[in-house]
Amino acid sequence: MKRRQRWQKISRIVIKNITQTRDSLQEAQSVKHISSPVLDAWFTTLAVFMFAIGLLFTAAFFNYGAKPSRKNQSLAKELTTGAVASVFLGFGSFSLLACGVCV
Amino acid sequence: MGIRFDLFFLSIAVLCAPCLSDLVLSKVDRRIDLTSQIARFTSTLKVENIGSDPVSEVLLPFPDHQAKNLAYLAATTNEGKGKTKGFTTTLPVEVVHPKGMPPALTWYSVSLPKGLGQGESLTLDVLAVFTHALRPFPEKIPQDQPQRVAFQDSAYYLSPYVVKVQLLSVKLPPGTKLESHTKLEKTEVSGSEIKYGPYENLPSFSYSPIVVHFENNQPFAVAQELVREIEISHWGNVQVTEHYNLIHGGSQLMGEFSRLEYQARPQIRGASAFRHLVAKLPPRAHSVYYRDEIGNISTSHLWGDSRKTQLEIEPRYPMFGGWKTAFTIGYGLPLKDFLFQSEGKRILNISFGSPIKDLVIDCLIVKVVLPEGSKDVSGSVPFPVKQWHETKFSHLDMVGRPVVVLEKMNVVQEHNQQFQVYYKFNNLSLLREPLMLISGFFFLFIACIVYMHADLTISKSSASYMAKLQWDEVQTAIQQVQRIINRCLTIHDKLEATLRDLSRTGDMQACKAARKAADGLLKELSKELKPLLAFLHSCPQAAQILPKVEELVAKERELQEKLMVKHSTVVDSYEKKSGGREIENRIASIQQKLTALRQEVEDLLEVIDEI
């Protein structure tokens with residue numbers, strides 16, 4: 001008896017949802033939900049980790065450049081360190097902005 | 001004025017009755033709901049086709065003065081007979097202008113999907129919602145009087161068709177006082193309802209004006225302007241911001257407002273004022289705020305469950321007639337409840353009207369802000385609205401975000417339906433914003449690299465700079481030469497001291513040992529002197545000073561030799577044990593030369609020092 005009542009309740013809700021979707025969306029094709037590529041709750045952790053790694057690379061970059069002039073300075077090494085550092089810092093600060101959903 | 005005009009029009013209508021004899025309304029049941037500030041007309045028409053041709057539309061006229069307040073008109077029909085009620089289908093309604101009709105009427109036409117055949121009948125439910133139909137009468141009241149409104153309409157249903165049976169029932173707010181009403185034949189008042197009818201067999205376009213004057217203390221919240229901004233962010237949030245400009249649309253407050261009396265007995269002193277507004281937000285709404293120009297308004301309550309989020313707000317002061325207030329409500333919604341994807345297009349499905357219950361909006365503007373990089377933007381609303389496009393510049397934007405603006409006048413709660421906005425968006429454009437930040441940081445690093453590699457000394461290769469450097473080197477070399485020569489001189493002095501010791505103590509061995517040591521040291525010093533002299537030779541700067549230095553070195557060598565000669569003669573003489581006087585005689589000439597040379601060396605040293 002209880003199961004029957006529960007099934008009736010569920011079927012009523014399902015029918016109501018179906019009619020609501022049908023009334024609100026004119027097309028009968030299958031529609032699927034779109035959500036963010038990164039889950040909401042992860043933005044804070046992502047911000048912290050990205051910033052940490054980015055700052056590590058920034059430190060390496062400035063460490064390499066702070067030594068007095070050597071004979072064999074490598075421009076490619078400096079550029080790659082700078083690029084990797086900027087990627088992580090960029091994602092970190094973007095996640096920081098996205099925590100408060102300012103983007 | 002309006003009543004007189006309608007009477008005049010009625011007479012004309014009776015005279016020139018046009019011919020629309022295909023349809024007959026066999027039963028018209030009208031219910032006018034005046035329980036809130038909005039007048040809702042629900043008419044159930046039973047349409048019968050007595051003509052020979054199938055009919056595909058039913059005409060609904062409204063007088064012009066009423067039609068300008070018409071906010072919402074919908075016609076539905078019930079399929080299925082008897083007890084089994086099937087689905088209700090909404091029929092399309094549009095404005096038409098038929099010819100040969102009486103003036104000052106606005107016509108709406110309901111199109112029937114399958115035409116009404118001969119002899120068939122159909123039940124039509126028409127819902128018409130009118131705003132500002134209840135006129136406050138008296139228009140200004142003091143604080144302690146209740147609010148009374150006057151409502152005008154026709155007891156007979158205005159229709160181009162013949163109506164067989166019709167009745168009208170006007171529903172007033174429960175428990176209110178009815179001041180006066182037009183008394184026609186068959187008028188009946190029961191509780192808070194006035195019944196007119198049933199009237200039978202009235203000709204088409206029959207009109208009988210009635211006025212109902214009653215007390216209505218329901219909140220008359222009218223938003224003169226409401227701007228709803230819906231901003232989509234593909235990173236997971238839909239932000240809705242609503243700016244309200246509210247006014248109390250009932251009888252205006254005359255005289256002064258006494259807060260003491262209002263707080264003591266709010267039901268009597270300030271019956272028409274309202275304090276609370278209830279807004280029903282979608283479920284899972286977060287970060288809800290309620291503020292105005294001054295700042296945050298803390299008199300609000302929020303609670304939610306899985307079906308809705310209820311927000312109850314209280315403006316900073318109670319709203320009396322004619323008083324205005326302005327505030328902003330904002331909330332965020334999860335993206336996946338509202339954004340869908342189908343056939344390569346993205347669809348935003350969200351409600352159109354305001355979430356506040358029973359609010360009349362004079363001008364509603366809905367702005368949907370889509371992320372940068374959205375193309376082919378178009379909106380589709382179930383009722384006619386004015387639509388145009390704009391651009392908005394927001395966080396991290398380069399070209400601006402496309403905005404769809406929808407404007408509608410006279411909006412009521414029935415307009416709170418879902419509407420859709422279609423657009424195309426490439427997933428790669430999601431990376432636009434992080435890439436901007438990344439490129440900003442990268443530019444910073446490039447600047448650092450450039451700064452580290454750049455040479456910022458003023459002149460490195462000018463001739464005077466080089467000359468100065470060389471002169472410094474020459475000077476250091478000369479100083480080293482001087483030092484060496486001074487050491488040579490000290491060694492000479494030590495040797496002479498040993499000679500004197502010899503004359504005192506007669507210790508030959510010590511003397512010879514000292515001589516050997518001195519010889520060794522002098523050899524080392526001359527070795528050190530060689531590279532310095534070579535460097536000075538190679539330097540063009542040292543051309544002036546070189547001869548003096550060479551002279552100095554030569555003299556010093558001479559001095560050295562003479563000293564060695566003297567030393568050896570003295571030692572020899574001691575070995576031979578000759579007398580002191582003999583020794584002196586032998587070395588006298590050498591001694592003279594020694595002193596003279598010594599003097600010259602010292603002079604040269606001084607000269608070089610001065611340079």
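Is Y262(B) buried or exposed, and what is its relative accessible area?

Guide: Happy to show you around. Y262(B) is buried, because its relative accessible area is 4% (buried means under 20%, exposed over 50% and partly exposed in between, with a 1.4 Å probe and protein chains only). Before we move on, residues are numbered from 1 along each chain as its sequence is written, and chains are lettered from A and ligands numbered from 1 in the order in which they are written. The model is predicted, so local features need pLDDT of at least 70 and side-chain atom pairs pLDDT 80 or more, while totals for chains, interfaces and linings use all residues; side-chain values rest on heavy atoms, with hydrogens and water left out.

Now for the ring of our tyrosine. Over all chains there are 22 aromatic pairs (rings of Phe, Tyr and Trp, the last by its six-membered ring, with centres within 6.5 Å; planes under 30 degrees apart are stacked, over 60 edge-to-face and the rest tilted). One of these pairs joins Y262(B) to F320(B), edge-to-face, with 5.5 Å from centre to centre and 70° between the planes. Y262(B) sits in helix α3 (residues 259–264) of chain B, and F320(B) in the loop between β23 (309–313) and β24 (324–334), so the pair ties together parts that are 58 residues apart in sequence (helices, H or I with at least four residues, and strands, E with at least two, are DSSP runs numbered from the N terminus).

Leaving out residues up to four places away in sequence, S272(B) touches I141(B), Q147(B), N217(B) and H248(B) (contact means heavy atoms within 4.5 Å).

Charged side chains come next. The structure holds 26 salt bridges over all chains (a side-chain nitrogen of Lys or Arg within 4 Å of a carboxyl oxygen of Asp or Glu). In one of them, E414(B) meets R40(B) at 2.8 Å, N to O. E414(B) lies in the loop between β30 (401–411) and β31, while R40(B) belongs to strand β2 (residues 39–49), so this bridge ties together parts of chain B that are 374 residues apart in sequence. R40(B) counts as buried, at 16% relative accessibility.

Another bridge pairs K195(B) with E193(B), their closest N and O atoms being 3.5 Å apart. Here K195(B) is partly exposed at 34%, and E193(B) is partly exposed at 25%.

D397(B) and R401(B) form a further salt bridge, with closest N and O atoms 3.1 Å apart. D397(B) is buried at 16% relative accessibility, and R401(B) is buried at 1%. Through shared partners, salt bridges join E229(B), E231(B), K392(B), D397(B), R401(B) and E433(B) into one network.

Further along chain B, an unreviewed UniProt entry annotates residues 435–454 as "transmembrane region" (positions follow the numbering used here, feature names are shortened, and annotations may be inferred rather than shown by experiment). In the model, residues 435–454 of chain B are 95% helix and 0% strand, with end C-alpha atoms 28 Å apart.

Finally, a glance at the partner chain. Chain A comes to three helices and one strand, following the pattern α-β-α-α along the sequence. Of its 103 residues, 25% count as buried. Among contacts in chain A between residues at least 6 apart in sequence, 63% join residues at least 24 apart.
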